[in-house]
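This briefing is meant for someone opening the structure for the first time. Please keep the sequence and the 3D view side by side while reading.

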Amino acid sequence: MFNQLGVIGCGLMGGSFALALKRAGLVKRVIGYSKSPSTTEKARRLGVIDLAAESALLAVSGSDIVLIAVPVAATEATFKAIRHLVEPGVLFMDVGSTKRDVVDAARRVLKERVGAFVPAHPIAGKEVSGVEHADAQLYSGRQVILTPLKQTDAALIQKATDVWSAIGAQVLRMTPENHDAAFAAVSHLPHLLAFAYFNAVHKQPAGADFLSLAGPGFRDFTRIAASDPAVWRDILLANREEVLKQSLRFRHTLDALEHVMRTGNAQALEDLIRSASEARASWQMSTPKPAGGR
């Protein structure tokens, strides 16, 4: 049981974490801060938080667990705002979709206090944002990846594992580098492709006509193109090196498909399609390994 959760960023992710801890009986009080006072007030009216803080530092004051749920580009500024209250024994976590940049910012700003920070990435979310969409079940049955530093307090890593597990998440650990490489391939590149593909269709002269004929396949393929633009701007820029590596791999495989189409090589085209089709048919979302695995 925590006495007080401090939430910095009372949106979908931070709000859902607060509701999840409340529902599980893990926290006595939640105090929240957002850059927009109207957001914090809405979170209070909805019962997501109990008290509104006037600053990030005041959200930390008196808290024994703190969740930083701001856009990844704002993480370093947030660390600067709260560093004087980053104390041993208080669990600090984030929810950023990239980790190397977050870890580097923590090292730069928190310095000898960095041991209190446990970087986290919950693999959860919605296409809609805002505290009004906060959901106590958002993290239930989802993976949460912890990417602790060498200096991170082992007791706080265990505490982070326990709290995510208690709200129904499945926890595993990776290095920040492995995390960013993996998610460039399976999350960040798919978003980049979805944005590019939808733009390519709807910006054609006949794009509106084409979209009027689109069915479930198009809907499913482009679903993530409706994701929050500011959030994905920050993610793609923060992890650009790994995303561009994956984009180059994709271009090579697309080139191969286009080549056999141009040459009319039906058998080679079928073979490439079959390779993808069979691999996708046999693929299943894997059960996460226990915390500490890779």
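Does His179 count as buried or exposed? In this predicted model, His179 has a relative accessibility of 0% and therefore counts as buried, since the cut-off for that class is under 20%.

**The protein as a whole**

- The protein is built with 12 helices and nine strands, and its radius of gyration of 21 Å is close to the 19 Å that the globule rule gives for 294 residues, so the protein is as compact as a globular protein of that length.
- Taken along the principal axes, the box filled by the C-alpha atoms of the protein comes to roughly 70 × 40 × 30 Å.
- Of the 294 residues in the protein, 41% are buried, while the accessible surface amounts to about 15400 Å², with 56% of that surface belonging to carbon and sulfur atoms.
- When contacts between residues at least 6 apart in sequence are considered, 77% of them join residues that are at least 24 apart.

**Helix H1 and its surroundings**

- Helix H1 covers residues 12-23, and its 12 residues reach 16 Å from the first C-alpha to the last, which is close to the 16 Å expected at 1.5 Å a residue.
- This helix is mostly covered, with 10 of its 12 residues buried, and among those buried residues are Leu12, Met13, Phe17 and Leu21.
- The packing partners of the buried residues of H1 include strands, among them E1 (2-8), E2 (27-33) and E4 (65-68), as well as helix H6 (154-166).
- After H1 comes Gly25, a residue whose phi is positive and near 70 degrees.

**Helix H11 and its surroundings**

- Helix H11 covers residues 240-262, and its 23 residues reach 32 Å from the first C-alpha to the last, which is close to the 33 Å expected at 1.5 Å a residue.
- The buried residues in H11 include Glu242, Val243 and Gln246, together with Ser247 and Val260, and the cover over the buried residues of this helix includes H5 (100-110), H7, H10 (229-238) and H12 (266-282).
- Thr253, which also lies in helix H11, is partly exposed with a relative accessible area of 48%, and its C-alpha atom is separated by 26 Å from that of Leu211, a residue 42 places away along the chain.
- H11 is followed by Gly264, which has a positive phi near 70 degrees.

- His179 is found in helix H7, which spans residues 176-202, and, leaving out residues up to four places away in sequence, His179 touches Ser97, Thr98, Lys99, His121, Ile145, Thr147 and Met174.
- Val102 is found in helix H5 and, at 1% relative accessibility, counts as buried.
- With residues up to four places away in sequence not counted, Val102 touches Thr75, Phe79, Asp94 and Phe117.
- Val102 and Ala238 stand 136 residues apart in sequence, yet their C-alpha atoms are 9.2 Å apart in space.

**Residues in loops and in a strand**

- Most residues other than glycine have a negative phi.
- Lys111 has a positive phi near 50 degrees although Lys111 is not a glycine, and its place is in the loop between H5 and strand E6 (117-118).
- Gln170 lies in strand E9, residues 170-173, where a relative accessibility of 33% makes Gln170 count as partly exposed.
- Between Gln170 and Val144 there are 26 residues of separation in sequence and 6.0 Å in space, C-alpha to C-alpha.
- Ala225 has its place in the loop between helix H9 (216-222) and H10, and with 22% relative accessibility Ala225 counts as partly exposed.
- Leaving out residues up to four places away in sequence, Ala225 touches Ala194, Phe195 and Phe198, whereas Ala225 and Arg45, 180 residues apart in sequence, are 31 Å apart in space, C-alpha to C-alpha.

Notes:
Residues are numbered from 1 along each chain as its sequence is written. This is a predicted model: local features need pLDDT of at least 70, side-chain atom pairs count only at pLDDT 80 or more; totals for chains, interfaces and linings use all residues. Side-chain values use heavy atoms; hydrogens and water are left out. Helices (H or I, at least four residues) and strands (E, at least two) are DSSP runs, numbered from the N terminus. The expected span of a helix is 1.5 Å times one less than its number of residues. Buried means under 20% relative accessible area, exposed over 50%, partly exposed in between (1.4 Å probe, protein chains only). Contact means heavy atoms within 4.5 Å. The radius of gyration is taken over C-alpha atoms; the globule rule is 2.2 Å times the number of residues to the power 0.38. Accessible areas come from the Shrake-Rupley method with a 1.4 Å probe; for residues, only the protein chains shown count as cover.
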